[in-house]
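Biologist: Could you take me through this model? I would like to understand how its parts pack together.

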Amino acid sequence: MIKSKQVVDSIAEAKIRVQESISKDKLIMFVTRILEDTRNDPEVDLFGRVIELYYYLNPYRKAYRKAIYEYFQKEIKCKYGLMLDEEEMNYIKIIFSEITPQFRFKDGKVMKGRLKGILEKLTKKYLPHSSEVIDSFILGKLICSVGGMENLMRKPASTIQLIGSEKALFRHNKSGNPSPKYGLLYYTRELQEANKKGKKARQLSNKLAITIKQDYFEKFAR
Amino acid sequence: MEKDYTWNPQTSKWRAGIDLGLPIDLEGEENILYLGASSGTTVGHLSERTEGMIFAVEKSVDMTIPLIRLAEKMHNILPLFVDAHDTEYIKEKIQDTKINILFQDIPSLDQVDIITKASKLVDKDCKILLSLKTLSISKQDSKKTFLEMSKKLEENFKIIESKKLEKFHKGHTFFILEKL
């Protein structure tokens with residue numbers, strides 16, 4: 001079975017174009033999801049999250065459970081996938097020095113604080129304007145629930161206000177119950193302190209819709 | 001891990017069309033332009049059945065990675081990572097191979113516009129196949145959308161045959177078209 005030159009060229013070009021469009025929001029999503037899991041259960045199995053990150057770093061190399069654990073213990077080399085700089089390599093080293101071969105944290109309660117510190121630094125670097133408006137953990141959750149920065153950038157302010165309250169919204173559409181006023185934004189400090197929560201949620205989401213577009217075109221756009 | 005190699009009509013619209021009696025089986029020498037290849041379930045089976053080239057167009061990152069992994073195993077799949085609206089890039093990559101079959105399976109709002117734009121790349125005797133999903137075009141009654149869309153198709157194409165795939169895929173219709 002011999003491949004012609006046209007086939008080989010097009011595979012090589014597709015690899016380069018894929019690599020250019022894998023962006024750093026995948027790393028933010030990874031840290032947010034791990035933090036959310038350990039908050040619910042400090043001894044949770046993390047293998048599913050780790051294999052997802054592994055395939056963004058090496059998209060075309062197949063590996064099994066033991067090889068993946070050994071890969072993250074050594075120095076990370078990535079050829080065709082997401083390119084990390086030195087600072088981010090350090091974050092990953094900190095996370096994986098605490099993981100056992102069964103893919104569980106040695107001490108889940110300590111890691112909660114460390115993961116939060118890493119997430120704050122990452123959001124400050126890649127989302128400088130939005131991280132001033134709301135807490136970094138909820139910002140990460142917003143990105144996770146729509147599946148990436150590019151999808152979130154295309155949403156209007158009224159949709160960002162209601163992300164996370166889909167069940168109540170569809171119930172409202174169907175049977176005319178009162179409509180929801182806020183979704184994930186309810187857990188921010190600004191809303192917890194506010195007297196009129198609906199008004200504050202509208203103001204926050206209007207501000208977020210502007211800053212997210214600002215961040216996207218500064219840091220993520222090709 | 002062994003993959004299951006039976007071609008299943010529940011996961012492939014092309015196979016469902018063959019099972020319902022449409023004349024779309026391959027003969028062995030065709031070149032295919034496939035818009036909306038996804039992770040390559042159908043493309044993998046087509047590549048075993050033909051000697052010609054298969055140009056597989058896909059836009060999403062997460063779906064293109066398994067498609068490239070598949071293309072490294074087979075000998076005649078050309079993955080193109082591009083939006084299907086961008087016909088200039090596709091034309092550049094096709095060069096001067098003659099396309100025999102054009103297939104489109106992108107359930108989106110402007111599904112008919114995409115195929116009219118892409119049909120300018122092929123000759124007049126090319127077979128054009130389209131799997132139309134009425135549910136993703138409008139929330140109104142699906143019979144009404146079907147009539148509107150087939151009227152829109154008749155401006156640019158001649159409809160040879162159409163069949164509902166209701167038995168395997170909900171809300172899908174398979175069209176066989178020809179250029180006017």
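**Contacts and packing**

Modeller: Among contacts in chain A between residues at least 6 apart in sequence, 55% join residues at least 24 apart; two residues are in contact if their C-beta atoms, placed from the backbone, lie within 7 Å. This is a predicted model, in which local features need pLDDT of at least 70, side-chain atom pairs count only at pLDDT 80 or more, and totals for chains, interfaces and linings use all residues. Residues are numbered from 1 along each chain as its sequence is written, while chains are lettered from A and ligands numbered from 1 in the order in which they are written.

Biologist: What does the secondary structure of chain A come to?

Modeller: Chain A has 13 helices and zero strands. Helices (H or I, at least four residues) and strands (E, at least two) are DSSP runs, numbered from the N terminus.

Biologist: And what does the C-alpha trace of chain A span?

Modeller: About 65 × 45 × 35 Å along its principal axes. Of the 222 residues in chain A, 23% are buried, a residue being buried if 20 or more other C-beta atoms, placed from the backbone, lie within 10 Å of its own, exposed if 12 or fewer, and partly exposed in between.

Biologist: At what angle do helix 2 and helix 6 of chain A cross?

Modeller: The axes of helix 2 (residues 25-40) and helix 6 (residues 108-126) of chain A cross at roughly 155° and come within 10 Å. Axes are lines fitted to C-alpha atoms, for helices over the stretch in contact, and angles run from 0 to 180 degrees between N-to-C directions. Helix 2 and helix 6 of chain A are therefore roughly antiparallel to each other; angles under 35 degrees count as roughly parallel, over 145 as roughly antiparallel, 65 to 115 as roughly perpendicular and the rest as oblique.

Biologist: Which residues meet there?

Modeller: Among them are A:Leu27, A:Val31 and A:Leu35 in helix 2 of chain A, and A:Met111, A:Leu115 and A:Tyr126 in helix 6 of chain A. The residues of this contact divide into eleven nonpolar, four polar and three charged. Ala, Val, Leu, Ile, Met, Phe, Trp, Tyr, Cys and Pro count as nonpolar, Asp, Glu, Lys and Arg as charged, and the others, Gly among them, as polar.

Biologist: Changing topic, how many residues of chain A are in contact with chain B?

Modeller: On the chain A side there are 15 residues, in contact with 14 residues of chain B. Those of chain A divide into nine nonpolar, three polar and three charged.

Biologist: How do helix 1 of chain A and helix 3 of chain B pack?

Modeller: Helix 1 (residues 5-21) of chain A packs with helix 3 of chain B at an angle of about 155°, their axes 11 Å apart. These two helices are therefore roughly antiparallel to each other. The residues that meet include A:Ile11 and A:Val18 in helix 1 of chain A, with B:Ile65 and B:Ile68 in helix 3 of chain B.

Biologist: What order do the strands of the chain B sheet have?

Modeller: The open sheet of seven strands in chain B has the order 3-2-1-4-5-7-6, with mixed pairing; two strands pair if DSSP finds at least two bridges between them. Strand 3 (77-81) and strand 6 (157-164) of chain B are the edge strands, each pairing on one side only.

Biologist: In which sense do strand 1 and strand 4 of chain B pair?

Modeller: Strand 1 (residues 32-35) and strand 4 (residues 101-104) of chain B pair in the parallel sense, over four bridges. Helix 3 (residues 61-73) of chain B packs on the sheet, touching strand 2 and strand 3 of chain B.
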